[in-house]
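Good morning. I will go through one model today, and I will keep it short. Please have the structure open while I talk.

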Amino acid sequence: MKQYIYTKLVYIVAIFCLFSFSTSTALADTDKMQLPPEIVGQAGLVMDVLTGKVLYEKNAHSPFEPASTTKIMTAILALEKGNLSDIVVTSEEPPRVDGSRIYLEEGEKLTLEQMLYGMMLNSGNDAAVAIAEHIGGDIESFVKMMNAKAREIGAYHTTFVNPSGLPDEGHLTTAYDLALISRYALLNLPKFRKIVSTKTLEIPWQAEEWDRQLINLNKLLWNYEGADGVKTGYTSTAGRTLVASATRDGWQLISVVLKSDANIWSDSMALLDYGFENFEIKNLVGKNSDVAEEDVKYGDPVKLVTKDGLTSVVKKNDLPISKKLVINQDIKAPVSKGEVLGQLIFYQGEEQLGSVNLIAANDVKRKIHTFWWFWPLTIILATYIPFRIMVGIKRYKRHKRRIQYVTYMNRYR
């Protein structure tokens, strides 16, 4: 009997230990999947392009030198202020610029489009200066345009001093600002998307018998699934920098790494992997979706629909998504179609994912009997009309008797 009890106890303890180990292992695996990567770069960030939601950040708001990722802003201004067919004439300044170049010569002519490819693929500092002079008239004016555009986009902690990204006192940005600037370009400028995803291209070379062979310095375009941009950078003081983008199943992410070393590629891939593996994009609600029907004081009920759709990036295999309906108190007629009457708010656990306004799907007129003057007027009319009818009847009778009397008198006169 003792042997049986002892065996059973051992069996129960063994099962408990096995269960505990399995549970711990499962939890550990889950935790491991959710852990953000360790990157060498001193600053890093992952952002969803569509919504602008930040999925990972490390020193994202600390200032660093951007190096040639500066050229993202130069390209934005060129595409917005110039025409791709513009002829850009190289002045004496571009050939003097240090660093990477496409070897422009004074007086050489290329189209603005060709200059943009030379700047973004081969990171030509000379092309960046030529573009700046063409768009702004001079470097100083163009830099003012760069900083004004940065503020317009929301990059409030960025200061540009030149169009190329070469070391210059005060030429600083943040990982978050660079992501905002890149997101703006990817969302609003189709030609920008095409340029930064191009691997190789040939453009004319005035000084040689052959064309320039442009090769994109962004290695991820060749060895990372879905990679489609954006810009590399390097100086001795900035270290290696990279703004990378990738699209999978129609979902695009941006990663930014600043002040890194040879690990810049693995840093960027790790950040993009973290985003794709641990998050997903969801359409939470569509535009003009029916949500509720609410009573309206002094009028008929009104249907509430969403003013806009809402898409959000959420954690995979996490808490379920819930929603909260917030309706304006004491809705009174009249109500105009499109009038905001509430909000629909979405949550994942305690995290608010976003909200959309709820608007009236139709006009609601105020019922006439709800006006203050309706019942007094009704009582007055209810009293006055019978009175007028009675007066009318009496007048009619008097008039009739008079006619009868006149007829009688005329008969016997």
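Predicted model: local features only at pLDDT ≥ 70, side-chain atom pairs only at ≥ 80, totals over all residues.

**Helices, cores and salt bridges**

Now the whole protein. There are 10 helices and 16 strands, and 42% of the 413 residues are buried. Of the contacts with a separation of 6 or more, 61% are between residues 24 or more positions apart.

Which residues have the most contacts inside the largest nonpolar core? They are Met 73, Ile 76, Leu 116, Met 120 and Phe 192, in a core of 56 residues. Elements giving two or more residues to this core include β1, α2, α3, α6, α7 and β9. The largest share, eight residues, comes from α6. A second, separate core has 22 residues, including Ile 39, Ala 244, Ile 264 and Tyr 274. Back to Phe 192: leaving out residues up to four places away in sequence, Phe 192 touches Ile 72, Ala 75, Leu 79, Met 120, Ala 185, Leu 186 and Val 230.

On to charges. The structure has eight salt bridges. In one of them, Glu 108 meets Arg 212 at 2.8 Å, N to O. Glu 108 sits in the loop between β3 and β4, and Arg 212 in strand β6, so this pair ties together parts 104 residues apart in sequence. Both residues, Glu 108 and Arg 212, are buried.

Another salt bridge joins Lys 191 and Glu 113 at 2.6 Å, N to O. Here helix α7 carries Lys 191 and helix α3 carries Glu 113, so the parts tied together are 78 residues apart in sequence. Lys 191 has a relative accessible area of 19%, so it counts as buried, whereas Glu 113, at 26%, is partly exposed.

Last, the surface. Leu 377, Ile 380, Leu 381, Tyr 384, Ile 385, Phe 387, Ile 389 and Ile 393 make a nonpolar patch of about 750 Å². Ile 389 belongs to helix α10, residues 374-412. Is Ile 389 buried or partly exposed? Its relative accessibility is 47%, so Ile 389 counts as partly exposed. For the protein, the accessible surface comes to about 23100 Å², with 55% of that belonging to carbon and sulfur atoms.

Note on methods. Residues numbered from 1 in each chain as written. Heavy atoms only, no water. Patch = residues over 30% accessible without salt bridge, like charges linked within 9 Å, V, L, I, M, F, W, Y side chains within 5 Å. Areas by Shrake-Rupley, 256 points an atom, 1.4 Å probe, with all protein chains shown as cover. Salt bridge = Lys/Arg side-chain N within 4 Å of Asp/Glu carboxyl O. Helix = DSSP H or I, 4+ residues; strand = E, 2+ residues; numbered from the N terminus. Buried < 20%, exposed > 50% of the residue type's maximum accessible area, 1.4 Å probe, protein only. Core = buried A, V, L, I, M, F, W, Y, C linked by side-chain atoms within 4.5 Å. Contact = heavy atoms within 4.5 Å.
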